[in-house]
Amino acid sequence: MMSVGQADAGAMSPKEASARRIGYVVLYIILIAVAVLQLFPLVWLLLFSLKNNQEVFSLPPFAIPTHPRWENYRKVWEAGNIDQYFINSVWLTAVSTALTVILASLVTYAITRMRWKGSSLVLGLFMVAMMIPVHSTLIPLFSMFNRANLTDSPVSLILTYVAFNMPITIMILLGFYYALPKEVEEAAVIDGCSVNRMFFRIVFPMTSSVLATTAIINMIYNWNEFIFVNTFISSDTLKTLTVGVQNFIGQYTTDWGAIGATLMISILPILITFLFLSDRIVEGIAAGSVKG
């Protein structure tokens with residue numbers, strides 16, 4: 001028995017089949033060209049990080065330095081306190097992402113699977129929050145954290161990251177939760193399963209693909225965030241990589257090679273994570289885009 005694709009291919013004339021193949025070739029060429037263009041900034045940053053100040057301004061942007069200065073990476077790691085900034089970025093990103101995903105999952109489950117009067121209002125409030133520019137709340141948040149003695153504390157960053165990432169996380173989860181079969185939960189209730197156990201033992205594992213998507217999106221935002229760290233944190237031991245790059249900008253001189261090395265170090269973890277989990281992002285978004 002022929003498949004639908006084979007039947008369609010057999011129904012096409014040779015001219016149509018040839019045109020289709022040409023179309024695919026053109027599409028792949030365009031996609032490859034776009035992919036190469038996307039790599040240009042990373043290549044430029046790598047070459048930038050291997051130069052000294054004189055080479056940065058005298059050589060073309062994509063010129064390979066005669067003597068690559070790998071010592072720039074050793075310098076920023078040893079003398080620039082980058083190791084502490086790196087650790088701060090890792091644990092702040094991990095804690096904020098975990099809290100956001102868990103809390104957003106609980107909220108989405110309550111909105112989509114339970115009947116209560118305020119569900120539509122709560123969902124509307126979260127969706128309205130997506131329209132508020134994040135940095136327009138900078139001064140009110142600083143004032144609030146200052147009164148609560150939370151400035152210069154990682155708690156202020158975690159609370160801010162969780163609050164501003166909740167709406168987009170809930171929006172991504174909504175479509176997936178609406179599509180979950182209710183028969184599984186009904187069977188669990190018949191077997192005497194409590195609501196809490198049903199969520200953490202049944203529903204939560206079923207949403208692993210979309211949870212991976214939301215986790216990666218949250219990780220990218222939390223890892224790259226600059227304004228809140230620069231505003232709320234003043235102690236050098238609590239700063240993250242995005243703010244630590246300022247250590248190499250002085251009043252009279254700037255170590256551009258060290259800045260490039262710091263930026264390269266800050267990019268690599270997210271880049272590696274995205275490369276290994278990119279399929280899960282696409283899978284989660286596709287799964288969450290279908291309702292019913």
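Predicted model: local features only at pLDDT ≥ 70, side-chain atom pairs only at ≥ 80, totals over all residues.

Reply: Happy to. Residues are numbered from 1 along each chain as its sequence is written, and side-chain values use heavy atoms, without hydrogens and water.

Helix α5 covers residues 82-113 and helix α11 residues 208-224 (helices are DSSP runs of H or I, at least four residues, numbered from the N terminus). They pack at about 140 degrees with axes 9 Å apart (axes are lines fitted to C-alpha atoms over the stretch in contact, and angles run from 0 to 180 degrees between N-to-C directions). That makes α5 oblique to α11 (under 35 degrees is roughly parallel, over 145 roughly antiparallel, 65 to 115 roughly perpendicular, the rest oblique).

Among the α5 residues that meet α11 are Phe86, Ser89 and Thr93, while the α11 side includes Leu211, Asn222 and Trp223 (contact means heavy atoms within 4.5 Å). By class, this contact has seven nonpolar, nine polar and no charged residues.

Now the cavity (points on a 1 Å grid over the protein atoms alone where a 1.4 Å probe fits but cannot get out; lining residues have an atom within 4 Å of a point). The largest cavity is about 40 Å³, and its lining includes Ser89, Thr93, Asn222 and Trp223. Helix α5 gives the largest share of that lining, three residues.

Terms used:
Helix = DSSP H or I, 4+ residues; strand = E, 2+ residues; numbered from the N terminus. Nonpolar A, V, L, I, M, F, W, Y, C, P; charged D, E, K, R; others polar. 1 Å grid on protein atoms, 1.4 Å probe; cavity = no way out; pocket = protein on both sides within 12 Å on 5 of 7 lines; lining within 4 Å. Points joined across faces, edges and corners; volume = space filled by probe spheres on them.
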